[in-house]
Structure formats: structure tokens, C-alpha cells
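I opened my notebook to look up a few things in this structure, one entry at a time. Here is what I wrote down.

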Amino acid sequence: MTVREKISPTSIKDSRILHNIIIYSGYTLAGFVLSVGKTALGCTPFGVALIAVSKRKGYLFATLGALIGYMMGGINTYSARYLAAVVIACLGAFAAEVFELGLSPSFPMAMAFLADFSTGTVMNLHLGTETKQYAVVLGEAILSMGGAYFLYKGLNTSLYRLRLRALPISDLVCIVICLAILALSFSALHFGIIYPAQIIAVPIILFSLRYAGEQWGVILALTLGFSLSVGNRDMLFLVGGMGFSVLTASLFSTISSLNIGIAYMCSMVFFSIAGGDDVGLSIFTNSLIGTLIFVLMPEVVTKRISAFWDNGKDIAPDGTLRQNLVLKLRFASSAMAAISESVDQVREKINAISRTENQRCRDQITEDEYIQREIILEKTNQIRMVASDQFFSISDMLNDLALEFDEAEIFDANAAGKIRRFLGDYEMYPANISAIEDKFGRMRIEILFSGFVTGLDNPKLRHGISKICSRYFEDGRITNFKNETMLSFYEKPNYRLDIGYAQHSAEGKLCGDTVKAIEDNKGHSILIISDGMGKGSRAALDGAMGAGLLSRLINAGFGFDSALKVVNSALLVKSNDESLATLDIANIDLFTGKCEIYKAGAPASYIIKNHSITKCELTSMPAGILRGIEFAKRTAVIGVDDCVILMSDGITDLGEEWLQGCISAITDKSSQQIADYILNSALEYCHQDAPDDMSVIFARLERN
């Protein structure tokens with residue numbers, strides 16, 4: 001057994017010192033490099049910009065590097081002007097740190113502009129230069145301010161978000177521009193007509209086009225083209241040439257690297273000719289060398305580059321993959337149905353053999369033993385029948401899942417990527433994000449995190465995701481699994497239900513009726529009354545079992561018919577005694593107002609539409625008596641202020657005439673008050689001596 005050595009405070013301190021040395025050395029080197037890189041007009045504003053945006057004493061080291069760089073050419077009027085700008089920018093960075101003014105890029109940008117513009121203006125006044133030089137100073141100050149913005153965004157980027165590809169595209173562009181600004185200092189380095197910076201830029205751009213897509217190819221072409229051309233006025237058209245050539249090459253980006261290289265070079269030949277003899281030859285030569293590097297790059301390197309760009313996150317199944325998944329689920333459903341049929345056939349044969357054997361032995365055993373064997377055989381046969389039914393139930397469930405995937409018309413990978421970058425602002429890094437739109441145009445967002453995550457109840461998350469998807473979402477629902485956490489957002493429906501319910505127990509404290517109101521996360525509100533056989537504790541158990549199992553299965557995404565089969569099988573094997581429960585369900589689509597009534601042995605329901613009462617009575621069997629029972633169904637469409645009433649037989653058995661009168665007397669009160677009114681009226685009608693348990697659900701549809 002090895003013992004892990006404890007990390008000593010000294011080693012931690014040494015690690016921090018080394019980290020600080022690397023960081024501050026980087027500031028010093030960057031300050032030096034940016035102060036020696038010149039634009040086409042001889043301007044060097046980026047050293048000043050870096051000082052203005054540096055934080056946590058980094059500005060002191062950036063100032064040191066910039067001072068060395070600006071003094072490389074000796075002390076004169078021009079260098080003195082930049083040295084003064086460095087001092088002003090350093091004082092501004094100090095003030096930003098002391099007074100916390102650098103929390104946004106506005107103040108550093110203003111300091112960079114002020115330092116460059118004020119010193120340039122004073123120098124021109126001292127030298128008495130022409131008016132156009134003031135325009136140059138203004139342009140340089142604007143360039144310094146713009147450089148400060150990009151450097152600020154680059155320095156404040158979370159490397160963790162960069163590694164997880166959770167940065168907004170705007171921040172990624174800022175990082176690329178920062179690197180291009182650093183490359184500006186090397187753009188003038190050349191050996192005759194060979195410019196190493198141009199050669200290196202070409203394969204970088206083409207690899208990005210090949211493996212990251214046209215968007216990144218154009219971004220890098222414009223940014224690197226800018227940094228390479230701004231240092232030499234003879235090559236100012238290079239940025240346009242590289243950008244246009246990449247657009248041309250993008251037409252062949254899905255074919256091969258050779259086609260991309262040929263298309264890029266064909267376009268660059270045109271710009272080389274337009275550039276003239278010396279410049280054109282240089283551009284052509286450097287582009288050709290860079291393109292050959294791209295085309296002839298070894299496969300082992302190109303695989304690494306491809307892996308770097310291919311993050312593989314949030315790429316949801318396309319239509320073909322989805323249909324393949326649907327077909328597999330349906331195939332599995334058919335297989336389970338076939339197994340159920342085989343089990344049923346085997347059950348019938350075993351039952352026939354067992355009954356024949358028992359009949360053959362009848363003369364050798366007593367009558368009581370014969371009856372006992374028959375009872376055991378019947379019970380065993382029932383258990384085998386239930387097992388067969390379970391395979392059918394599994395088949396139906398798989399078919400329900402296939403239907404759900406089939407209805408998921410669109411997996412919006414673009415929205416998922418935007419949500420990932422948005423969550424990065426809150427230091428949240430999900431393992432997977434799915435933005436799914438079904439065939440009805442309704443969207444749901446499912447965000448899976450590894451482990452337990454806090455802050456998921458922040459209302460800003462819902463607001464931000466709603467803005468990204470241009471939809472209204474309900475508050476997020478958090479589901480904790482064993483080692484994972486799911487945050488789900490569902491589109492806010494057009495309607496809501498105002499629900500009231502009331503119950504009365506005819507025997508003891510336990511009511512034999514179970515009342516539930518659930519939502520299936522697809523914009524449906526589901527009302528359930530399950531009435532167990534009899535009354536008291538036994539009826540309460542059956543009712544709770546029926547409603548509880550049904551609601552769990554529906555919440556899991558299974559359909560009503562397959563859920564009923566599972567409930568029926570569970571009640572059949574629950575005990576030796578007869579066990580049954582009625583199921584009365586109203587499934588209301590809160591987007592359209594469509595109301596589906598499902599009944600398994602339940603009494604009549606009532607719909608109040610436009611102040612007109614409609615009775616919904618359907619003939620059906622309760623769950624737990626026979627195999628293969630099915631729901632009786634009816635559909636209606638309700639609107640705003642229309643109502644649905646579900647009642648157990650303890651109320652409906654009091655008489656049709658009384659019930660119609662009670663419902664007609666309903667006034668404009670809350671749903672809970674109306675539910676209480678119906679129950680109290682029923683108790684008064686039977687003089688408080690209720691023969692059975694009583695339950696009522698009253699729901700009114702309202703605008704959400």
C-alpha cells in the first residue's frame with residue numbers, strides 16, 4: 001500500500017510563485033512585442049492598449065515591456081510621445097484597479113484612446129505638422145481603443161469555457177483578433193520575397209475551413225489577413241484577397257484538401273497579378289508554399305487537427321438516425337408481442353396438461369384434495385396469464401417510446417450550442433443539452449449535468465433560455481438521479497387549469513377514492529379519480545394503487561392504454577381476494593383545449609361549455625377483474641371558462657335529476673369553492689349519511 005504524500009504549504013507557495021513568474025513574464029513579453037509592431041503608417045498603438053486593459057499588477061510588467069520596446073529605436077520626439085502615452089495608460093490601469101473601474105471594457109478603452117490621442121495631438125502641435133497628421137492621430141487612437149476592447153475580452157476569457165467550447169462566438173473572435181494583433185509584430189519579418197508569417201497563416205486558415213467549417217475559415221482569413229496587411233501599405237489588399245479566396249475554397253470544403261488548395265490558389269493567382277511584379281510574386285510564392293504545407297500535411301497530424309475541432313457536443317440525431325431509432329423500438333415492440341403470444345400458447349398447453357393429469361388422478365384422491373388442486377392450478381394459470389400480459393404491456397410501452405421519438409420532429413443543435421455558451425456565463429457546464437421540437441411546434445429543453453449542481457433554480461436561466469429560443473418557458477424542473485441532475489424547461493402553454501377537489505370518507509378516516517392532478521410535461525393537464533372496490537382501508541389501497549401506478553407511468557412518457565394494462569395486471573395479482581378499481585381520467589391539452597375522457601368502469605362526467613351542460617357516459621370495465629380490458633374514450637374541445645367535472649359513484653348514484661340541478665346552480669366562484677359546494681350538496685341530499693365514498697374534481701380552463 002502506497003501512502004500519498006501530503007502537499008506541503010512550501011510546495012503550494014513555490015507553485016504560485018512559478019505561476020506568477022509565467023504570467024508576469026507573459027505581460028512583459030506581450031508589451032514588448034506589441035510596442036515594436038508597426039502598422040502601414042508607422043503607428044504602434046497596441047502596446048498602450050495592452051497596458052490599459054491589464055489587471056492585478058500585470059499593467060506594471062506590460063508597462064516595462066512597452067517601455068523597452070518603444071525605446072528600441074532610441075529617444076526622439078516620436079518615441080517620447082509613446083513613452084508619455086505609456087505613463088498615462090499605466091496611471092489609468094492603476095486607477096481602474098484601485099477604484100474597480102475595469103469591470104467592463106468601457107473605462108480601459110477610454111484610457112487607451114485618451115493616452116494615444118492626447119500625446120499624439122501634443123506632438124503634432126509641438127512639431128506644427130499638417131492637418132492630415134491629426135487625422136492619422138485620430139485613426140491611431142481609434143485603433144488603440146479597438147485593440148483595447150479585443151485585448152480586454154481575450155484576457156478575461158475563461159480558459160475552462162474555451163476548453164469546453166462554451167464560449168460565445170463573439171468571444172472566440174476576440175481571442176483570434178488578439179492573436180492576430182500579436183502576429184502583427186512579425187508580419188514585416190521577411191527573407192527576400194519570403195514572409196514566414198504569411199506562409200504559416202495559409203495552412204491555419206485552410207485547416208480551419210476544412211475541419212471547422214466555412215464560418216471559422218472566413219473569420220481567420222479576415223483577422224490574419226488584417227494583421228499581415230496592416231503592417232505594409234503595399235499589401236493592404238491581402239485581407240480582401242485571403243477572405244475572397246477562402247470563400248471560393250469553401251465551395252469544395254466537403255470534397256478533399258487537394259480541391260480546397262487548388263481553389264484557394266486559383267483565386268490568389270488573380271490577386272497576385274493585381275498586386276504587380278514584386279508584391280504579386282511575393283504573395284503568390286508565400287500562398288503556394290502555405291497551400292503545399294496544407295495539402296501535403298501527414299495524416300497523423302490532420303487527424304489531430306480534426307479531433308481538435310470536432311467537439312461532438314449537442315449534435316442531436318438527424319432525421320435518418322431518428323427514424324432508425326424509431327424502427328428499432330417498433331421492432332423490439334413486435335418482438336415482445338411475439339414473445340407474449342408464445343408464452344400464452346405455452347400457458348394454454350401447460351394448463352391443459354395439468355388439468356388432464358388432475359382429472360386422471362381424481363379417483364385416487366379425496367374430493368377436497370381434488371378441489372384444492374384445481375384452485376392451485378387456476379391461480380397458477382392466472383399468474384401465467386398475467387406474465388403473458390406483462391410482455392404485451394412492455395410491447396405497448398416500447399411502441400409509445402417509438403411514437404414519442406417519431407413526434408420529435410426537430411433536434412435544434414444550434415439552440416443547444418447557444419444555451420451551452422449562455423450557461424457558461426453562470427459557470428455551469430452540462431454534459432449534454434437537447435433542444436427538441438415536436439411535430440406540433442412545441443419545444444422542450446433538457447439539460448443534463450454530472451453530479452449535483454446548485455443554482456439551477458435561478459430565474460435568470462429561464463429568462464435567458466427563453467430569449468435564446470424566442471419562446472416562453474415555464475419554470476425549470478429539476479430531477480436528481482443517482483449521479484446526474486436534469487434541468488428541464490417546457491414551453492409555456494396557452495391555457496391553465498384552475499382545479500378544485502373535495503372528498504368525503506364514508507367509513508373511517510381513509511377514503512376509498514384517490515384523486516390526482518398531474519402534468520405530463522408535454523402541455524397536458526391530467527385529472528384522475530380512482531375508486532377502489534368497497535370502502536375503507538381496503539378500497540383506499542386499491543384506489544391509491546390504481547391512480548399511483550397510472551400517474552407514474554404517464555409521467556414516464558407511456559400512453560394511457562399501455563399504462564392501463566400494467567395497472568390491470570398489478571391488481572389481478574395483488575391478492576387472492578377480488579381486487580378492482582375504476583379509473584376516470586380527463587386529459588386536457590393546454591395548448592389547444594382538446595379534452596380526452598378515458599373511463600375504466602367509471603361513472604359519468606360532465607362538461608360545461610358555453611354555460612351548456614354535456615353528460616359524458618361511457619360503458620367500460622374496471623381494472624383488476626378481467627384480462628385485456630381497455631379504456632372507453634371520448635374527445636371534446638373546450639375553451640376559456642369552460643369546465644370539466646369528474647365524480648365518483650358516491651355522488652353520481654344520488655340521481656340524475658338532483659345532479660343536473662346541482663350543476664346548474666353553480667355560480668361564478670373559484671374551482672375549489674365549487675368542488676366544496678358539490679360535495680356539501682351531496683351530503684345534505686343524503687342527510688350526511690353517505691352510503692359510499694364521495695370525490696369530485698372541478699376544473700376550469702383559463703387563459704395563461
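**Entry 1: Asp-642 and its partner.** I began with Asp-642, which counts as buried at 4% relative accessibility. A reminder to myself: this is a predicted model. The side chain of Asp-642 meets that of Lys-609 in a salt bridge, with 3.5 Å from N to O. I then checked where the two sit: Asp-642 is in the loop between strand 13 (632-637) and strand 14 (643-647), while Lys-609 is in strand 11 (residues 605-609). The pair links distant parts of the chain, 33 residues apart. Lys-609 is partly exposed, with a relative accessible area of 33%.

**Entry 2: Arg-700, a contact of Asp-642.** Which residues does Arg-700 contact, leaving aside its neighbours within four places in sequence? I found Asp-642 in the list, along with others including Arg-496, Asp-498, Asp-641, Cys-643, Asp-668 and Ile-674. Arg-700 lies in strand 15 (residues 694-703) and counts as buried at 9% relative accessibility. I also noted that a polar atom of the Arg-700 side chain lies 3.0 Å from the backbone oxygen of Lys-669.

Entry 3: How many salt bridges does a search of the whole structure find? My search returned 20. As background, side chains of opposite charge can pair when their charged atoms come close.

I looked at Asp-584 and Lys-599 next, whose side chains meet in a salt bridge at 2.7 Å, N to O. Asp-584 belongs to strand 9 (residues 581-589) and Lys-599 to strand 10 (residues 594-600); they are 15 residues apart, and the pair links distant parts of the chain. Are these two buried or exposed? Asp-584 is buried, with a relative accessible area of 1%, and Lys-599 counts as buried at 0%.

Then I turned to Arg-477, which forms a salt bridge with Glu-519, the closest N and O atoms being 3.0 Å apart. Arg-477 lies in strand 4 (residues 477-480) and Glu-519 in strand 7 (residues 513-519), so this pair ties together parts that are 42 residues apart in sequence. Arg-477 counts as partly exposed at 28% relative accessibility, and Glu-519 also counts as partly exposed, at 35%.

One network went into the notebook too: salt bridges link Arg-81, Asp-116 and Glu-140.

**Entry 4: the nonpolar cores.** Which residues touch the most other members of the largest nonpolar core? They are Val-48, Ile-51, Tyr-70 and Leu-151, in a core of 34 residues. I listed the elements that give two or more residues to this core: helix 1 (9-36), helix 2 (46-53), helix 3 (58-70), helix 4 (77-98), helix 5 (106-127), helix 6 (131-155) and helix 8 (169-184). For context, in soluble globular proteins nonpolar side chains tend to be buried together.

**Entry 5: a nonpolar patch on the surface.** I also looked for nonpolar residues at the surface. A patch there is formed by Ile-193, Val-269, Ile-273, Leu-281, Phe-284, Leu-288, Leu-292 and Leu-296, with about 700 Å² of accessible area together. Helix 12 (257-274) and helix 13 (277-295) are the elements that give two or more residues to the patch. Its largest share, 4 residues, comes from helix 13. I picked Leu-281, placed in helix 13, and read that Leu-281 is partly exposed, with a relative accessible area of 45%.

**Entry 6: Ser-434.** I found Ser-434 in strand 2 (residues 432-437), where it counts as buried at 18% relative accessibility; the cut-off for buried is under 20%. Not counting residues up to four places away in sequence, Ser-434 touches Arg-444, Ile-445 and Glu-446. From Ser-434 to Ile-419 is 15 residues in sequence and 9.7 Å in space, C-alpha to C-alpha.

**Entry 7: the whole chain.** To finish, I wrote down the totals. The protein chain has 23 helices and 15 strands, and 47% of its 704 residues count as buried. Of the contacts with a separation of 6 or more, 70% are between residues 24 or more positions apart. The accessible surface comes to about 35,800 Å², and 60% of that belongs to carbon and sulfur atoms.

Key: Residues numbered from 1 in each chain as written. Predicted model: local features only at pLDDT ≥ 70, side-chain atom pairs only at ≥ 80, totals over all residues. Heavy atoms only, no water. Salt bridge = Lys/Arg side-chain N within 4 Å of Asp/Glu carboxyl O. Buried < 20%, exposed > 50% of the residue type's maximum accessible area, 1.4 Å probe, protein only. Core = buried A, V, L, I, M, F, W, Y, C linked by side-chain atoms within 4.5 Å. Patch = residues over 30% accessible without salt bridge, like charges linked within 9 Å, V, L, I, M, F, W, Y side chains within 5 Å. Areas by Shrake-Rupley, 256 points an atom, 1.4 Å probe, with all protein chains shown as cover. Contact = heavy atoms within 4.5 Å. Polar contact = N/O pair within 3.5 Å; in protein donor to acceptor, adjacent residues only side chain to side chain.
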